[in-house]
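Biologist: I would like to learn how to read a model like this one. Where do we begin?

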Amino acid sequence: MIRLLDRFLLLQPRWLSTILFIPLLYALGWLAAMLLTVLGLPYNAVSLTGTVLSFVLFVLAMPRWAAKRWSVTRTWTALGICNGGLNDRRSSAVGFLQGLLIATGLLTIITTLALIGGWGQWLGNLDIRSLLNALLLCFGVGLAEELIFRGWLWAELNQSIGAARGFIAQAVVFSLVHTRFNLNLPEMLGLLLGLFLLGLLLATLRHLHDGSLWGSIGLHGGLIAIWFLLDQNLVDFSRNAPWWLLGPGGNHPNPIGGLTGLILLATLLRIGKSKAKKTNEYIR
């Protein structure tokens with residue numbers, strides 16, 4: 001198995017392994033999940049189980065990938081997860097909380113505008129199950145996606161096309177993977193731009209935290225988890241609310257694709273860029 005993985009990692013041209021890696025992992029995870037149906041796994045759980053198994057395979061492959069492709073031995077340091085030591089754990093926790101606070105502030109502004117404008121009614125319903133789901137979304141999706149996009153993918157792009165172009169490219173890939181192509185053109189373009197700005201902001205946040213992913217995980221996971229609680233439990237948003245405020249998506253809006261979200265993301269990105277420039281550390 002190790003020999004087969006090594007042969008895959010050394011494929012030429014170099015970018016071929018990068019492009020094929022995630023689809024191949026997803027196919028293997030889905031196949032494994034399908035095999036588990038023989039042991040009683042419900043068919044409606046195949047998609048989620050396959051995704052989880054794909055991520056497990058991703059994590060298992062990372063040490064070999066880092067050694068062969070990047071010539072590094074400290075895999076999780078290179079990916080921004082840990083550096084070791086008590087101070088690192090403290091700075092990771094601080095970074096995560098900072099990202100979570102940014103997400104909270106952004107969604108608080110949008111929700112407040114919706115309530116003031118009469119496009120939402122405060123319900124305040126909250127239960128343990130919803131909180132647990134939100135925590136799973138925050139740490140599960142936030143950690144997994146940041147590890148893939150701002151960890152592995154950005155490192156790969158830096159190796160191939162340089163840090164500055166990799167900074168832009170990872171945000172382009174992130175936006176294309178997450179957008180909804182069933183929307184009408186203005187809404188789809190708004191969502192694409194919002195996701196692109198979010199990808200840039202998440203990468204900037206990692207840069208400002210000296211390569212640590214935890215600030216990005218806090219922001220990304222926080223946006224998903226807090227919006228889940230707001231939309232499902234805390235606020236009854238009107239389905240007639242303007243998409244420029246709550247974003248495109250109809251019954252399942254994404255606030256970062258609306259005009260308000262775009263302005264807030266662009267402002268945060270400008271602030272982050274200014275902070276990085278003051279220390280002469282912005283990505284060039």
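Modeller: Helices (H or I, at least four residues) and strands (E, at least two) are DSSP runs, numbered from the N terminus. Read along the sequence, this protein chain goes α-α-α-α-α-β-α-α-α-α-β-α-α. That makes 11 helices and two strands. The model is predicted: local features need pLDDT of at least 70, side-chain atom pairs count only at pLDDT 80 or more, and totals for chains, interfaces and linings use all residues. Residues are numbered from 1 along each chain as its sequence is written, and side-chain values use heavy atoms, with hydrogens and water left out.

Biologist: What should helix α2 span, by its residue count?

Modeller: The expected span is 1.5 Å times one less than the number of residues. Helix α2 (residues 15–36) has 22 residues and should span 32 Å; its end C-alpha atoms lie 33 Å apart, which agrees.

Biologist: Where in α2 is the kink?

Modeller: A bend is the angle between axes fitted to the seven residues ending at a residue and the seven starting there. In α2, a kink of about 35° lies at Phe21, shortly before the proline Pro23.

Biologist: Which residues of α2 are buried?

Modeller: Buried means under 20% relative accessible area, exposed over 50%, partly exposed in between (1.4 Å probe, protein chains only). In α2, the buried ones are Ser17, Thr18, Phe21, Leu25, Gly29 and Ala33. An α-helix has 3.6 residues a turn, so residues three or four places apart point the same way. Over the protein chain, buried residues make up 44% of the 284.

Biologist: Is Leu48 buried or exposed?

Modeller: Leu48 is found in helix α3. At 61% relative accessibility, Leu48 counts as exposed.

Biologist: And Arg89, buried or exposed?

Modeller: Arg89 sits in helix α5 (residues 86–116). Arg89 is exposed, with a relative accessible area of 55%.
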